[in-house]
Amino acid sequence: MATPTKKFRFGLRAVLLLTAVLALGLAVYKYRADRLPLQWQAYSEERVRESLAQGKTVLISLCANWDYSTIAHEWLALRTPEMYKFVRDYNVVPLRADYAKHDARVKRLMDSLDNRSVPAFIIYSPIPGEAQVVLKDYVQSEQLRQVIAH
């Protein structure tokens, strides 16, 4: 028959082991989460307004899914674990405005920026009075970092 001391030691070991497993699991999750691709949402004026009201920076990828240059544009600028982490650390909301879908909201966005071409990135700052920044053609990760971190 197990004595109370043996039961206590077994219980303590079980608690310590469970704590270690949970801590390891959390560390692995955090490590992987920083390397997961961005969770793009569809562009809408409402999402931009809501995100800015919450104090978040908004990054819009103006693209056309049939155009390989727009796919390459996004891929070159954003597809690294470091950029995924940077976007998350700076609380950036990534939105995709796909011109190929003939969405009236995307057309209004392009008209408001006097922009007739894709690809482009549009960055909205949550700081009142700051103008949006439009980056066209082939944008490098460092350019995006500088504008977002400003």
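Leucine 135 counts as buried, at 14% relative accessibility, where buried means under 20% relative accessible area, exposed over 50% and partly exposed in between, with a 1.4 Å probe and protein chains only. The model is predicted, so that local features need pLDDT of at least 70 and side-chain atom pairs count only at pLDDT 80 or more, whereas totals for chains, interfaces and linings use all residues. Residues are numbered from 1 along each chain as its sequence is written, and side-chain values use heavy atoms, with hydrogens and water left out.

Leucine 135 is placed in strand β5; helices (H or I, at least four residues) and strands (E, at least two) are DSSP runs, numbered from the N terminus. With neighbours within four places in sequence left aside, leucine 135 is in contact with His73, Ala120, Phe121, Ile123, Gln143, Leu144 and Val147, contact being defined as heavy atoms within 4.5 Å. One of these residues, phenylalanine 121, is 14 residues from leucine 135 in sequence, and the two are 5.1 Å apart in space, C-alpha to C-alpha.

Strand β5 belongs to an open sheet of 5 strands with mixed pairing, in the order β1-β3-β2-β4-β5; two strands are taken to pair if DSSP finds at least two bridges between them. The edge strands, each of which pairs on one side only, are β1 (41-42) and β5 (133-136). Helix α2 (residues 45-53) packs on this sheet, where it touches β1, β2 (57-63), β3 (92-98) and β4, and its direction makes about 155° with that of β2; the axes are lines fitted to C-alpha atoms, for helices over the stretch in contact, and angles run from 0 to 180 degrees between N-to-C directions.

Within the sheet, β1 and β3 are parallel and pair over 2 bridges, with glutamine 41 opposite leucine 95 in β3. Strands β2 and β3 also run parallel and are joined by 7 bridges; here valine 58 has valine 93 of β3 as its bridge partner. The pairing of β2 with β4 is antiparallel and comprises 5 bridges, among them that of leucine 59 with isoleucine 123 in β4. Strand β4 (residues 120-124) is in turn joined to β5 by 4 bridges, again in an antiparallel arrangement, in which alanine 120 stands opposite lysine 136 and isoleucine 122 is the bridge partner of valine 134.

Strand β3 is largely enclosed by the rest of the structure, because 6 of its 7 residues are buried. For β4, 5 of the 5 residues are buried, so this strand is likewise largely enclosed; both of its faces are covered, with Ala120, Ile122 and Tyr124 buried on one side and Phe121 and Ile123 buried on the other.

Most residues other than glycine have a negative phi, and most peptide bonds are trans. The peptide bond from valine 118 to proline 119, however, is cis, with omega near 5°, and proline 119 lies in the loop between α5 (104-112) and β4. Asparagine 91, in the loop between α4 (81-89) and β3, has a positive phi near 60° and is partly exposed at 39% relative accessibility. Histidine 102, in the loop between β3 and α5, has a positive phi of about 55° and is exposed, with a relative accessible area of 72%.
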